[in-house]
Amino acid sequence: MFCLSFDQTGTLQSLAYGGVEFAVPGQLRLFTLQFRDFAGNPLRFSRADFRKCRVEKDGENWQLTFTGTKLLPDLSVQISVKCDREESRWSASASLDRDDLSMEWMSFPELPLRRPAGGKFLLPYAEGTMVRDLEKRQRESYFSCREAAYPLTGVSNFYPGPAAMQFEALCNDSGSGLYFGVEDKQHSPKTIDFMPDGEDGFYPFIQHFTGGRGEIGYETVIRGFSGQWQDAAEIYRNYLEENRLLPEKLEKRAPQWLMDAPVVLVYPVKGYGIDHGDMSFNEYYPYDRALPVMDKYRQLWKNPLLSLLIHWEGTAPWAPPYVWPPAGGEQLLKNFIDRMHEKGDRVGLYCSGIGWTQQSMIERSYDCRKEFEEKELIKEVCKGPHGEAFALVCNGPTSQRIGYELCPSRKFTADTVCRQISLASAQGVDYLQYFDQNQGCTSPLCYAREHGHGDLPDHRQSEAMQNLLARAQDAAGKMVLGCENAAAEPYMDVCIFNDLRSHLAWGAAGQPVPLYPYLYHEYVAGFSGNGVCLHAWIDFEATPFFLQWTLAWNFVNGNLLSLVLKNDGRIHWHWGLRWEVPEPEQESLQILMRNLCAWRQSAAKAALSRGKMIKPPQIDCKMREVTAVDGSHTALPALEAALWQIDGREELLLVNYGKSSEKCEITFDGIRSGSIHSLENMTDEFADGKLDLTVPPLNAVLIKLR
């Protein structure tokens, strides 16, 4: 039962579920709101600034009215909380009788809570991140909890963007947890995160941008639940399905080549594994010189391929918005595309989003400052609250470029983006990750009054990106579009195949969980990504099996597999790592890839291409340790597993990414029967509440349940 109470000062006294008390009483914490004046200056208030509160209670519902600030005596904040046995629904507004201040955002509800023993935090960042120690994350991680502000960093829990969904949860495998969901069908910009508050204390940090309006305009739901992170995800999935907020199933929207699950091979045609230094053409240029490598892996894995090129632009690498023509001219690339198509393979290109590059820091000769001045393009870029213009994502004298972010609401932005996309489509490119650097396809924050989207950020900025994507899809024709990170909810309809960034969870002092495929696998696809920056967090020498684990984790969770190549067609740890760094052991990777591809093209194809992920049974097996560069350790199961619902049945897939056989015990919820399948089509029947199983090395087992 969900229980909630306030005292007569409007201070939280109790928030309990299932006999667990979560509240830390007596703290003057409930909301923070920020105004902007007509000149763009901020003015911020918190709950502690209000000296008076009127508390009204009607049954289990609460109305709180806060007044009495010294600086703005006529400012009042109204809080409404509706409760029942399972949940509470929170709404808030602010009233201020003056026209020189407008509310920019409100952080609400900021509830002082404590983490129970064993509790951990499920974040919407990086397709699903589980964090045990919020203090460590805040103290040591680059991906700490932070409020969204102009210009966006690209590394926060900003929605819609790096945070793909509108919920988070405090999980407790052995007891009660709390679900925090935002029911905003217009996808207003917001931050969805947890802020540490002492050793075991925390509060939800949900920062709602309101566009100058004095109310949030939708409800935030806090609900109790029991179980694991999947149980919290089910609450959110039910909300999406009941309100029909998901796009049409992917199998009805995607081309057949995507449903056939090509392996994505990522490599540059300039440079030697990083974005700086020598940018001379390497052994993969001209483009056809990569064909022997493609032939090798196609024959070895007996699986179609998608060659995804980096540093191919004839302009400069990572220098948006202009990418065309390709280096060396259109005909060289067209020859490669035609040869790949003849083999049944596909070709994709990395781009770099909707930024504007004044000058490339990778290839200094690329300079657009003259065009910028002549066309007065300062009118097209995103502005801050004081009219300032600058960018942070991949921007600066030691980064890829110096420039700005283009505003998606502007005609110049859409015209430019669509022109570049149409040129690639006409060339026969199959996949264009045009919205790289727009993590999750983020729309940058913009305060420019002349852009037509309002003076302060709100849902109109998300709508502007949706409109841009609609035009981009028209320009793309049959070519598939995608972005960096998984596409956030309002952008999944167009960005159907994306460069996943689950590995960033390690940089957030956490570990990845497959939240994104759990919710959206039937509607949008992704590949396991290029792993950029992973060496900053994982000690590969101490964890030589890490890339094998990454492939197994992505495979069982339905993501297409991708690998980064270095010289001589060898598989490297990830992108952004010099070729001179020793690569992982190749033989085990080759065997694992061959077996996983065989599964994907045969018995596991239906589940992994169009299945719905559901909560798996308990699986007990040996654990392995991942070693971080700071010397800390994270335990991972020796077997990765996922349960899929497909065509009225359930299929449990287990992968052993190690070089020795692994035993496990599977405990079902009651007596289950089914058949056990190996890659060699050997089967065995069972009917029991428990199942002892051995999974062969670098291979998988499929259990079809009845």
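1. The sulfur of C382 lies 4.3 Å from the closest cysteine sulfur, that of C446, which is too far for a bond. A disulfide would need the two sulfur atoms within 2.5 Å. C382 is buried, its relative accessible area being 2%. The model is a predicted one, and these values should be read as such.

2. With 8% relative accessibility, C368 counts as buried. The structure as a whole holds zero disulfides.

3. The second largest pocket has a volume of about 820 Å³. It is lined by 31 residues, of which C394, Q400, E484, V532 and C533 are the closest to its centre. By residue class, the lining of this pocket divides into 14 nonpolar, 13 polar and four charged.

4. Strand β37 (residues 662-677) pairs with strand β32 (residues 618-621) in the antiparallel sense, over four bridges. In this pairing C664 of β37 stands opposite C621.

5. β37 is also joined to strand β38 (residues 683-695), by twelve antiparallel bridges. H677 stands opposite T683 in β38. The hairpin of β37 and β38 has five residues between the strands, and N681 takes a positive phi near 70 degrees there.

6. Strand β39 (residues 699-705) runs antiparallel to β37 and is joined to it by four bridges.

Notes. Residues are numbered from 1 along each chain as its sequence is written. This is a predicted model: local features need pLDDT of at least 70, side-chain atom pairs count only at pLDDT 80 or more; totals for chains, interfaces and linings use all residues. Side-chain values use heavy atoms; hydrogens and water are left out. Buried means under 20% relative accessible area, exposed over 50%, partly exposed in between (1.4 Å probe, protein chains only). On a 1 Å grid over the protein atoms alone, a cavity is a set of points where a 1.4 Å probe fits but cannot get out, and a pocket is an open set with protein on both sides within 12 Å along at least five of seven lines; lining residues have an atom within 4 Å of a point. Grid points are joined across faces, edges and corners, and a volume is the space filled by probe spheres set on the points. Ala, Val, Leu, Ile, Met, Phe, Trp, Tyr, Cys and Pro count as nonpolar, Asp, Glu, Lys and Arg as charged, and the others, Gly among them, as polar. Two strands pair if DSSP finds at least two bridges between them. Helices (H or I, at least four residues) and strands (E, at least two) are DSSP runs, numbered from the N terminus.
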